[in-house]
Amino acid sequence: MRRGKRLAAAGVAFVVLAAAGCSGGAAAGDGKVRVVATTEILADLVKQVGGDRVEASSLVPAGGDPHSYEPTPADAKRVAKAEVTFTNHLLLEPQALIKTIDANAAKDAPNVSLAEAAESYGANVIPLVEDIGLDVLWLGLRVRGSGKARGATRTSSVQLTATKVDGPGQLVAYLTESLGQPDRYFDSTDGLNADDSTTLPPAAHTHLNWAFTKPGVYHLTLEGKLDHGGGKPLQPLGKGTFTFAVGVEPRNVKPADGGTATVLGDGHTDLTVDLDSGQVFAYSDAQQVGAAQSAVPAGKVVIDVPNRALETVPDDPRFAFLGSAGSQVHQLPQAVLGKHVHGEIDPHLWEDVANAKAYVQLMRDTLITADPDGKQTYQDNTAGYLRELDQLDEYVRSKLALIPRDRRQMITTHDAFGYLAEAYGMTVAGFVVPNPAQEPSVEQVRKLSETIRNLKVPAVFIEPNLAQRASVLTQVAHDQKVRVCSIYGDSFDDKARSYVAMMRHNADELLLCLGEAK
């Protein structure tokens with residue numbers, strides 16, 4: 001049984017009741033069009049298009065992380081007053097923020113999800129490929145499908161509940177937040193009830209730690225229900241039972257349906273509810289690591305939790321639910337630090353300047369719809385800014401072309417640079433982020449060190465707003481005598497206050513830190 005409720009998991013949205021029935025947001029006192037965007041980057045692009053005719057602001061504050069930002073009642077009021085709202089979405093922003101926007105945006109005010117709509121303006125989207133390279137299975141939770149036939153929208157959610165756990169010990173599935181605070185999703189240590197659940201948006205997945213207090217065979221039954229919100233009854237989906245072989249030979253273990261087992265022991269697997277079919281299954285690449293994931297029925301799955309997955313319970317009262325300090329548990333790690341809910345498409349489109357150009361044109365047309373009198377201003381501003389973005393694109397491309405091909409390797413704190421890599425000929429090298437509540441294992445440090453050595457990487461890159469998460473990366477870089485440099489992903493800081501400045505910095509810093517010494 002979990003103790004406490006998480007607002008984000010419950011999908012709580014702040015609603016400004018006074019906004020109900022409004023026919024549109026109120027214009028700013030100076031006559032400007034009020035525009036609210038989720039991030040600083042989007043707000044800056046709006047300002048370039050809107051100029052003096054708009055008042056644009058970001059809900060996520062300066063230096064904030066858009067992946068984990070929790071909205072406030074003040075945010076709801078700002079959205080209710082807005083005449084236009086822009087989100088990135090593709091699950092970049094947490095669903096609680098999306099729900100707050102959709103619940104408060106005036107019905108006749110444009111509410112645009114840029115990443116989804118920008119493809120018609122020429123934006124290029126790429127899959128979010130996760131290849132952490134763990135030596136054990138990387139196990140998460142996933143919702144597949146759109147659920148449109150069931151009436152699901154982007155503010156709907158799927159509740160995943162652990163209804164039964166049996167085994168020789170206890171099972172705890174928990175998430176380690178960015179500052180090391182554990183958040184339990186499923187916890188059998190004091191029995192299961194309705195609190196042993198979490199929610200995910202449609203087409204999303206997330207990463208967890210899966211801990212088992214004793215070796216042996218476990219069975220976990222998960223049940224899915226669709227939540228439309230608004231107090232409506234939950235709509236039952238499906239349920240399935242997964243088998244775990246913890247510290248025992250998995251090939252000797254029968255799956256839940258008693259037939260031939262499909263053993264999953266490495267690669268990436270998610271315990272999945274399909275919102276369209278209602279089926280529950282493992283969505284896995286473990287049978288061919290690195291290939292596309294495919295569905296394996298829950299009743300045929302045996303998940304291998306080997307003895308190399310043994311971890312020591314830290315001397316930290318926050319982790320007392322795992323057992324006494326110094327004792328050992330078998331644990332499949334979440335690998336990516338902090339809450340990290342996302343979909344199958346990489347949402348960080350703006351790291352390719354060509355995609356930022358698509359965003360800007362979509363913003364232009366949206367502002368014209370909201371403020372037809374400003375059409376000429378918006379067209380002129382956009383034309384001038386697109387020329388500036390063309391120059392920026394050439395600047396980034398020319399700078400990164402000076403880096404020798406064998407040195408175009410990026411090791412970062414956050415997987416936000418796939419578009420930059422694809423557009424400008426770079427390569428992203430991944431690594432395992434350790435649990436901040438525990439000392440990093442020798443194996444984790446060794447893997448990161450080997451990556452740096454084998455690729456002859458001269459530098460690693462830390463996002464300023466994520467610096468507190470990067471202690472291990474910083475230490476390994478110091479040990480390997482490579483530079484620690486800065487790169488911007490999701491937000492600005494005092495040194496970069498615009499999209500153009502951010503991208504110019506990234507190009508300059510990549511060349512400075514990866515290019516050959518002159």
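Q: Is Lys357 buried, partly exposed or exposed, and at what relative accessibility?
A: Buried means under 20% relative accessible area, exposed over 50%, and partly exposed in between (1.4 Å probe, protein chains only). Lys357 counts as partly exposed, at 22% relative accessibility.

Q: What kind of model is this?
A: This is a predicted model: local features need pLDDT of at least 70, side-chain atom pairs count only at pLDDT 80 or more, and totals for chains, interfaces and linings use all residues. Residues are numbered from 1 along each chain as its sequence is written, and side-chain values use heavy atoms, with hydrogens and water left out.

Q: How many salt bridges does the structure hold?
A: Side chains of opposite charge can pair when their charged atoms come close. A salt bridge is a side-chain nitrogen of Lys or Arg within 4 Å of a carboxyl oxygen of Asp or Glu. The structure holds 13.

Q: Which residue meets Lys357 in a salt bridge?
A: Asp390, at 2.5 Å, N to O. Lys357 lies in helix H6 (residues 353-370) and Asp390 in helix H7 (residues 375-401), 33 residues apart. Helices (H or I, at least four residues) and strands (E, at least two) are DSSP runs, numbered from the N terminus. Asp390 is partly exposed at 38%.

Q: Which parts does the pair of Glu40 and Arg497 tie together?
A: Their side chains form a salt bridge at 2.9 Å, N to O. Glu40 sits in helix H2 (residues 40-50), and Arg497 in the loop between strand S24 (483-486) and helix H11 (499-514), so the pair ties together parts 457 residues apart in sequence. Glu40 is buried at 9% relative accessible area; Arg497 is partly exposed at 44%.
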